Amino acid sequence: ETVFTLRSCACNYRYKSLKFQKIQMMIVIDKSHCKLGASGGYDLQITEEEKNECQKLSLRRNYIKNAEGMIHDFPNLTWLCLSANALDSVPMAISKLVNLRHLFISNNKIKRIENLNNCQHLETLDVRHNNLSEVSGINHLHKMLSLSLSSNKILSVSPFDFPASITFLGLYGNLISEFEDVLSIIEKMESLRKLFVGSNCFCENLPLKPTFNVKLIPKQTVNGAKRQKCNEDPIYLPEILSLLKSKCPTLKNIDNNSV
């Protein structure tokens with residue numbers, strides 16, 4: 001049985017599933033694209049009962065600069081999206097979400113990862129497209145599986161920055177200058193399977209297979225032609241792939257190259 005409740009700029013979904021003669025219920029509240037930050041409002045217009053039962057909350061693309069008053073009282077929240085807002089820091093209120101498992105805060109202005117000390121169950125963290133210059137505040141999260149830090153301004157990485165439990169790591173499009181730094185962190189990771197590290201500074205000095213990149217062709221110059229996408233994924237030489245595999249035996253893929 002699925003019951004949908006529609007409210008102004010919001011969707012509250014109640015899911016009931018009968019499994020092994022036990023009833024499970026989950027409430028999903030979607031307040032995306034509601035311009036909450038632009039209006040200066042902090043009231044999500046939901047009841048205390050819905051807050052207590054809510055497990056998934058999306059506040060994506062709302063021009064939010066301060067989310068403290070919006071997310072502070074969701075004791076059973078396991079999934080939270082604050083992506084595409086105007087946050088310059090990780091909200092302190094997240095430290096109270098002790099059951100949180102998945103956090104998406106990409107496309108903001110965040111300079112430092114913090115306030116995750118109590119999120120011991122966190123499995124997914126997406127901080128792509130922010131202003132990070134270093135990796136910090138996550139090495140204690142021993143249940144972390146997926147970590148996305150691509151398209152930031154990270155200069156260097158250390159094995160002590162990351163939990164060993166990670167299976168997916170995205171560092172694409174940063175400013176990392178030493179390939180040895182990448183080797184040192186994957187050597188520590190016991191379960192890493194997929195890695196994205198292309199478009200970093202070290203790629204300029206790394207021996208790669210010669211590639212042909214298709215240039216972008218504006219639509220107006222060719223009648224009826226679609227704009228073509230340029231493939232920027234590096235193609236690694238076999239000896240580089242062998243080196244990566246020796247450092248991390250579980251690794252299966254790096255920048256879409258099979259290992």
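Lysine 56 lies over the face of tryptophan 79, at 4.8 Å from the ring centre, where a charge sits over a ring if NZ of Lys or CZ of Arg is within 6 Å of the ring centre and within 35 degrees of the ring normal. This is a predicted model, in which local features need pLDDT of at least 70 and side-chain atom pairs count only at pLDDT 80 or more, while totals for chains, interfaces and linings use all residues. Residues are numbered from 1 along each chain as its sequence is written, and side-chain values use heavy atoms, with hydrogens and water left out.

**Aromatic pairs**

- Three aromatic pairs are found in a search of the whole structure, with rings of Phe, Tyr and Trp (its six-membered ring) pairing if their centres lie within 6.5 Å, and planes under 30 degrees apart counting as stacked, over 60 as edge-to-face and the rest as tilted.
- One of them joins phenylalanine 168 and phenylalanine 196, whose ring centres are 5.9 Å apart with planes at 50°, so the pair is tilted.
- Another is formed by phenylalanine 179 and phenylalanine 202, with ring centres 5.4 Å apart and planes at 45°, so this pair is also tilted.

- Phenylalanine 168 counts as partly exposed at 23% relative accessibility, whereas phenylalanine 196 counts as buried at 16%; buried means under 20% relative accessible area, exposed over 50%, and partly exposed in between (1.4 Å probe, protein chains only).
- Phenylalanine 179 counts as buried at 7% relative accessibility, and phenylalanine 202 is buried with a relative accessible area of 2%.
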